[in-house]
Amino acid sequence: VLVAVSIGNLTVSLDNSILASCLPQLVRVFRTDAIVIGWVNIAYLIISQSFMLTLAKLGDERGRKLVYLSGMIVYTVALVICSLAQGVGQLVLARALQGIGAATTISLSMAITVAVFPPEERGKTLGILTGIYSIGLVAGPIMGGFILDLFGWRAVFYARTPLALASLFMAWLIIKEQKNENDHAAFDVKDSSTLFGFLSSLLLLLSFGVKWGFESVQSAMLMVFTIPFFVLFIRYEMQAKSPIVNLGLFKR
């Protein structure tokens, strides 16, 4: 189980850094500027970070194996679409789709692993997963540079499909379904939508606030969205029978 999810974790962690060496090439290929190409990474990061908690909760309720496999399928398909993209718009949309798959893989890999290891081994197990994820972050720019020079920018995406397929096949073969048997509440769309609104607005503000200036109209509009979404999310979480985030933990 650890090997299966580790391969998925490594594949996904490469995404956070592997495109760093490819962005100048993408600017030339698509004949656009660096600001537009920057959305190739921004779309991926915002979607993956904003959906992570929601998809983890969905895995607890519907089955972690089912949601993990679905996420890996979405991620693999998105890799292929990225490698076939004919324009910047297609590439950005495919990267956003890839972000959904990445959020599923990252959030559920730890939950799946913790569930199958005894308590005395969980620290070591989570350390291994975190270490593998860090290796992917460090190796991404190096791998991206080599692949770009040898095979071109499209290979930066499709070259990782064998790893994604290996993780998908191993997870399907090895992992047994896991559900939170004590959680019988239906999935709450209000919680997940307000959480997404809050996190996406906040991440956009942090990404562009310095460039625009935090006193600019754009930053002010993002703040207007961020604060109400956060307040609504907290309110819904306090009322929810099965919250996405157990706010009681913050009392400790």
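Colleague: How much space lies in the largest pocket?

Modeller: The largest pocket holds about 280 Å³ of space. A pocket here is an open set of points on a 1 Å grid over the protein atoms alone, where a 1.4 Å probe fits and protein lies on both sides within 12 Å along at least five of seven lines; lining residues have an atom within 4 Å of a point. This is a predicted model, in which local features need pLDDT of at least 70 and side-chain atom pairs count only at pLDDT 80 or more, while totals for chains, interfaces and linings use all residues. Residues are numbered from 1 along each chain as its sequence is written, and side-chain values use heavy atoms, with hydrogens and water left out.

Colleague: Which residues line the largest pocket?

Modeller: The lining consists of Met52, Leu53, Ala56, Lys57, Asp60, Arg64, Ser107, Leu108, Ala111, Pro243 and Ile244. Helix H3 (34–62) and H5 are the elements that give two or more residues to this lining, and H3 gives the most, with five residues. Helices are DSSP runs (H or I, at least four residues), numbered from the N terminus.

Colleague: How do the residues of the lining divide?

Modeller: Seven are nonpolar, one is polar and three are charged. Asp, Glu, Lys and Arg count as charged, Ala, Val, Leu, Ile, Met, Phe, Trp, Tyr, Cys and Pro as nonpolar, and the others, Gly among them, as polar.

Colleague: Turning to H4 and H5, at what angle do their axes cross?

Modeller: The axes of helix H4 (residues 64–84) and helix H5 (residues 88–116) cross at roughly 150° and come within 8 Å. H4 is therefore roughly antiparallel to H5 (an angle over 145 degrees). The contact of H4 with H5 involves 17 nonpolar, six polar and two charged residues.

Colleague: And how do H5 and H6 cross?

Modeller: Their axes come within 10 Å and cross at roughly 155°, where H6 spans residues 119–151. H5 is thus roughly antiparallel to H6.

Colleague: Is Leu148 buried or exposed?

Modeller: Leu148, found in helix H6, counts as buried because its relative accessibility is 16% (buried is under 20% and exposed over 50%, with a 1.4 Å probe and protein chains only). Leu148 and Leu26 are 122 residues apart in sequence, and their C-alpha atoms are 11 Å apart in space.

Colleague: What is the phi of Arg31?

Modeller: Phi of Arg31 is near 50°, a positive value in a residue other than glycine. Most residues other than glycine have a negative phi. Arg31 sits in the loop between helix H2 (23–29) and H3, and Arg31 counts as exposed because its relative accessibility is 80%.

Notes: Axes are lines fitted to C-alpha atoms, for helices over the stretch in contact, and angles run from 0 to 180 degrees between N-to-C directions. Angles under 35 degrees count as roughly parallel, over 145 as roughly antiparallel, 65 to 115 as roughly perpendicular and the rest as oblique. Grid points are joined across faces, edges and corners, and a volume is the space filled by probe spheres set on the points.
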